[in-house]
Amino acid sequence: MEPETSVGASDEALIQRYVESEDNDALDAIIRRYSPRLRRLLFTLVGPDQDRIHECEQEVFVTLMRKAHRFRATSKFSTFFYSLARNRVLDFLRSERRIGHRLVYGRNLDAEPSPGAPPHSGVEAQERIETIRTALASLRPGERLTLYLKDVEGASIEALVAITGEKSGTIKSRLARTRRKMAQRLEELGYE
Amino acid sequence: MSRDRQDTATEAIRELSEVAEDAVGRMAPCSARELAAERATRRPSWRAPAGVGIVAATALLLITGTLGILSEGPETEGEIPAEVLALVDSLYSSEDFVTGELASFYAPQRASEEGGEYLDQVWDTLSGSKE
């Protein structure tokens, strides 16, 4: 639960409070707001291994602690956060590539679907998820991230410009190319 | 590729993120204190002594200023300054140059890009074709 002193406070006000007085309650509130979204992003892009998700999540929030003083109240905190997260996630994905990890996605989100388990836990659904992961793995890290931010988080092109530092034309054409590539791969893998 | 097929990518990544919702919801939350402890373990053990930055910046300014003085005048057009030619000449003795039959074999070939007069002069000077 969010600390009482932070309920109703804007993200921008909370991060200012953390910068000015190292208020851990304010940072906790930010973490509680952004952690679920960040974990969902990491699960989708990095893979289902919870240790890796945790490791990468820590990287992002530690970076936030280090760079929070750079935030300017003239922009939205979410944009600032996602640009930090983007850089750390890309670093993470690239370093894994360098040391020879392939993005191997496991099948065992739930080895045996239990009664009342989520609707995605059947064997057929698992295979479908596996197919999507395999198609995603064929994209470059930057492509995956941009596609996710646009299609899942609903980021606007303007927000993507601020997050990535790229021109809007570049982002639009990359998105179209990425979607084509992903659709092609999904088709090859028999996804319907 | 049709618009429908492009939508397939969007639908697929959304489907995956819905699974994420279920899976990561079970993970324990992290806290500011835990992160502060993690951050403390990552602090670099060595930092540059105070003043090193100032010395480095001063040295950089001196180098930049020196180069600025050497390159007085228009940067992209006109004659190559005599000081630069003298400097290049002083770097090599006449023994470093290949003459005779092998000269054409070792002569550098210019790439096909266009350069403008200044680059033409540079090329002529380096390849010796102006002489």
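Colleague: Why does Thr63(A) count as buried?

Modeller: This is a predicted model, and the value was computed from it. The relative accessibility of Thr63(A) is 4%, and the cut-off for a buried residue is under 20%, so Thr63(A) counts as buried. Thr63(A) has its place in helix α3 of chain A, which covers residues 50-67. If neighbours within four places in sequence are left aside, the contacts of Thr63(A) are with Leu84(A) and Arg88(A).

Colleague: What makes Asp28(A), with 10% relative accessibility, count as buried or exposed?

Modeller: A residue has to fall under 20% to be buried and go over 50% to be exposed, and Asp28(A) stands at 10%, so Asp28(A) counts as buried. Asp28(A) is placed in helix α2 of chain A, residues 24-45. From C-alpha to C-alpha, Asp28(A) lies 9.4 Å from Leu14(A), while 14 residues separate the two in sequence.

Colleague: And Glu22(A): what is its relative accessible area, and is the residue buried or exposed?

Modeller: Glu22(A) has a relative accessible area of 60%, and the cut-off for exposed is over 50%, so Glu22(A) is called exposed. Glu22(A) belongs to the loop that lies between α1 (11-21) and α2 of chain A. The phi angle of Glu22(A) is near 50°, which is a positive value in a residue other than glycine.

Colleague: How do you know whether Thr131(A) counts as buried, and what does its side chain reach?

Modeller: At 16% relative accessibility Thr131(A) falls under the 20% cut-off, and therefore counts as buried. Thr131(A) is located in helix α5 of chain A, residues 123-137. The side chain of Thr131(A) comes to 2.8 Å from the backbone oxygen of Glu127(A), and since a polar contact needs N or O atoms within 3.5 Å, that distance falls inside the limit. Not counting residues up to four places away in sequence, Thr131(A) also touches Leu186(A), Leu189(A) and Tyr191(A).

Colleague: How many helices and strands does chain A have, and what share of its residues is buried?

Modeller: Chain A has 8 helices and 0 strands, and 49% of its 192 residues are buried. If one takes the contacts of chain A between residues at least 6 apart in sequence, 63% of them join residues at least 24 apart. The accessible surface of chain A is about 9,500 Å², and 47% of that area belongs to carbon and sulfur atoms.

Colleague: How many helices and strands does chain B have, and what share of its residues counts as buried?

Modeller: Chain B consists of 6 helices and 0 strands, and 15% of its 131 residues count as buried. Chain B exposes about 10,300 Å², with 58% of it supplied by carbon and sulfur atoms.

Colleague: How many residues does the contact take from chain B and from chain A, and what area is buried between them?

Modeller: The contact draws 34 residues from chain B and 44 residues from chain A. About 3,700 Å² is buried between the two chains, and carbon and sulfur atoms give 63% of this area. On the side of chain B, the residues that lose the most area to chain A are Ile13(B), Leu16(B) and Met27(B), which together account for 17% of what that side buries.

Colleague: Why is the meeting of Glu15(B) and Arg128(A) called a salt bridge?

Modeller: The side chains of Glu15(B) and Arg128(A) come to 2.6 Å, N to O, and the limit for a side-chain nitrogen of Arg and a carboxyl oxygen of Glu is within 4 Å, so the pair is a salt bridge. The count between chain B and chain A is 1 salt bridge, and there are also 9 residue pairs in polar contact, with both residues at pLDDT 80 or more. Two elements of chain B, α1 (3-24) and α2 (32-42), each give two or more residues to the side that touches chain A, and α1(B) gives the most, with 19 residues. By class, that side of chain B has 16 nonpolar, 5 polar and 13 charged residues.

Note on methods: Residues are numbered from 1 along each chain as its sequence is written. Chains are lettered from A and ligands numbered from 1 in the order in which they are written. This is a predicted model: local features need pLDDT of at least 70, side-chain atom pairs count only at pLDDT 80 or more; totals for chains, interfaces and linings use all residues. Side-chain values use heavy atoms; hydrogens and water are left out. Contact means heavy atoms within 4.5 Å. Buried area is the accessible area (1.4 Å probe) that two parts lose on being put together, summed over both. A polar contact is a pair of N or O atoms within 3.5 Å; within protein, one must be able to donate a hydrogen and the other to accept it, and residues adjacent in sequence count only if both atoms are side-chain atoms. Helices (H or I, at least four residues) and strands (E, at least two) are DSSP runs, numbered from the N terminus. Ala, Val, Leu, Ile, Met, Phe, Trp, Tyr, Cys and Pro count as nonpolar, Asp, Glu, Lys and Arg as charged, and the others, Gly among them, as polar. Buried means under 20% relative accessible area, exposed over 50%, partly exposed in between (1.4 Å probe, protein chains only). Accessible areas come from the Shrake-Rupley method with a 1.4 Å probe; for residues, only the protein chains shown count as cover.
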